[in-house]
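This briefing covers the pockets of one protein model and the surroundings of its ligand.

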Amino acid sequence: MPLFLFNFVACILSFCNITEDPKLLYLPINHSNMNHKRSWAEPYKIKMVELLKMTNLKDRIKAIKEAGFNTFLLKSEDVYIDLLTDSGTNAMSDQQWSAFMVGDEAYAGSKSFYHMEKAVQKYYGYKHMIPTHQGRGAENILSKILIKPGDIIPGNMYFTTTRLHQELSGGTFADIIIDEAHDPLSNHPFKGNVDFQKLEDLIKKYGSDKIPYISIATNVNMAGGQPISMANLRELRTFTRIHGIRIIHDMTRVAENAYFIQQREAEFHSRSIAEIVKEICSYTDGATMSAKKDALVNIGGFIATNEWDVYEEARNLVVVYEGLHTYGGLAGRDMEAIAVGIRESLDDNHQHARVGQVEYLGNKMLEFGIPIVLPVGGHGIFVDAKAFLPHLTQDQFPAQALAAEVYIDSGVRTMERGVVSAGRKADGTNYYPKLELVRFTIPRRVYTQAHMDVIAESVANVYDRRKKIRGMKMVYEPKYLRFFQARFTKL
Ligand code: F0G
């Protein structure tokens, strides 16, 4: 009997309740000629929505002028799709919201602290944990403890707040990331890797005594959300043991890094994200975390360490800058939500959908011919503003200009990650980073695929009129982390 006839008869039988065994109802589908793609989809459904204000061109032009052409200075109510950052913009799950209700707001020894500590120990494997209000709170304290004036801190590319805290403690950051990380077109699968030659040169020049630790970020933000490989990390662990140097892990996006290791390093294809994250952490001596990213909350962070002395010192200092060592500036409910968020972030389906959505946007932009950093990273799409606006010099702030144009076009808010973000050196001269990027950062579990379409189409529109886009002049420059509050006018 042909398959369709069998299924038809089976269907009739089932309606008449003649057969109860579901296995007998349908013949198995023959998959041999059905090689369709299997898409990822979000492993959640939406229980509550936040309504967005739709913006119009006239209001957007007014708003960006008032904001000094700096997207950080826009009011969020003037923004349609907010891709400024993936930091603190996550949608929490029903489990996290319900954990909020059991937050223990005791000043000292809160139950919620112990829940968070347990999650950090269980999932990341670090021995000691001290909460902080966010990542930079942890960076401040750890830099104060570990860095002496004159020290050198090698790292796989800088991050703005991390480097500033190193400098404020008297240290100097030294970039030891592989050259490919500075090339937007290099398709290297692990652009976050350390270049051992650069590291050895530093040790030869300064001696390992001057290097209190190596700062290793997982899924390097400023390189475009690019991962470090497990192989590179293992080699670094062996190397640092020989030289007696610590590794401090900026684990802000460790789960996204683990996803790439799972996809790209053969040894890890069948290992879970949770297992990979634990192994990554095991090669490091301590960590700073901005829980506002991977840990799926809106505020929070921590210091983690395996060293008792560092833990003791951090417990002393946290009281000065953040709060008692069992809350570190957080409410009990925040610590509960972090404990749940850490677990949820390590779910394989979550990470697949998370990075899948970013890749979807990246592929759309590539179809439109937009120059983006390759390969597509973990937390956003980084548009290459130098290639987008080749008629502008870096002193004319191409990424700043492009971010403003995208906002004007569609109300999509993005962020400059180029010469403005890079800031000035201690001697007052500008850093000129090779990468001049506009970051389209995707908040976790917040926007849909249709939003991604709208974003890509807007960038394509701006691309069509790119030759008419003028550069910027900085008319106000704050002393620290200037990108947050600088103001510009159009040239
Ligand atoms: N490290 C990395 C890699 C980060 O991306 C951030 C924050 C921090 C540390 C500091 O953490 O914000 O909690 O104090 N990045 C945000 C961003 C601001 O938009 O990329 P924080």
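The largest pocket has a volume of about 1,400 Å³. A pocket here is an open set of points on a 1 Å grid over the protein atoms alone, where a 1.4 Å probe fits, with protein on both sides within 12 Å along at least five of seven lines; lining residues have an atom within 4 Å of a point. Grid points are joined across faces, edges and corners, and a volume is the space filled by probe spheres set on the points.

The model is predicted: local features need pLDDT of at least 70, side-chain atom pairs count only at pLDDT 80 or more, and totals for chains, interfaces and linings use all residues. Residues are numbered from 1 along each chain as its sequence is written, and side-chain values use heavy atoms, leaving out hydrogens and water.

**Largest pocket**
- Its lining has 35 residues, with Met48, Ala91, Met92, Arg445 and Val446 nearest the centre.
- Helix 4 (residues 94-101) supplies the largest share of this lining, 3 residues; helices are DSSP runs of H or I with at least four residues, strands are runs of E with at least two, and both are numbered from the N terminus.
- By class, the lining has 15 nonpolar, 10 polar and 10 charged residues, where Ala, Val, Leu, Ile, Met, Phe, Trp, Tyr, Cys and Pro count as nonpolar, Asp, Glu, Lys and Arg as charged, and the others, Gly among them, as polar.
- Domain 2 (57-86 + 348-490) and domain 3 (94-345) each give at least three residues to the lining; the bounds come from an automatic or database domain assignment.

**Second largest pocket**
- The volume of the second largest pocket is about 860 Å³.
- Of its 38 lining residues, Arg163, Glu167, Ala422, Arg424 and Tyr431 lie nearest the centre.
- Two or more lining residues come from each of helix 7 (160-168), strand 4 (172-175) and helix 17 (419-422), and helix 7 gives the largest share, 5 residues.
- The lining divides into 19 nonpolar, 7 polar and 12 charged residues.

**Ligand site**
- The ligand is surrounded by 17 residues, of which Thr85, Arg136, Asp250, Ser290 and Lys293 are the closest; a residue counts if one of its heavy atoms lies within 4 Å.
- Polar contacts (pairs of N or O atoms within 3.5 Å) include a side-chain atom of Thr85 at 2.7 Å from a ligand oxygen.
- A side-chain N or O atom of Lys293 is 3.0 Å from a ligand nitrogen.
- The shell around the ligand has 2 nonpolar, 8 polar and 7 charged residues.

Methods:
Polar contact = N/O pair within 3.5 Å; in protein donor to acceptor, adjacent residues only side chain to side chain.
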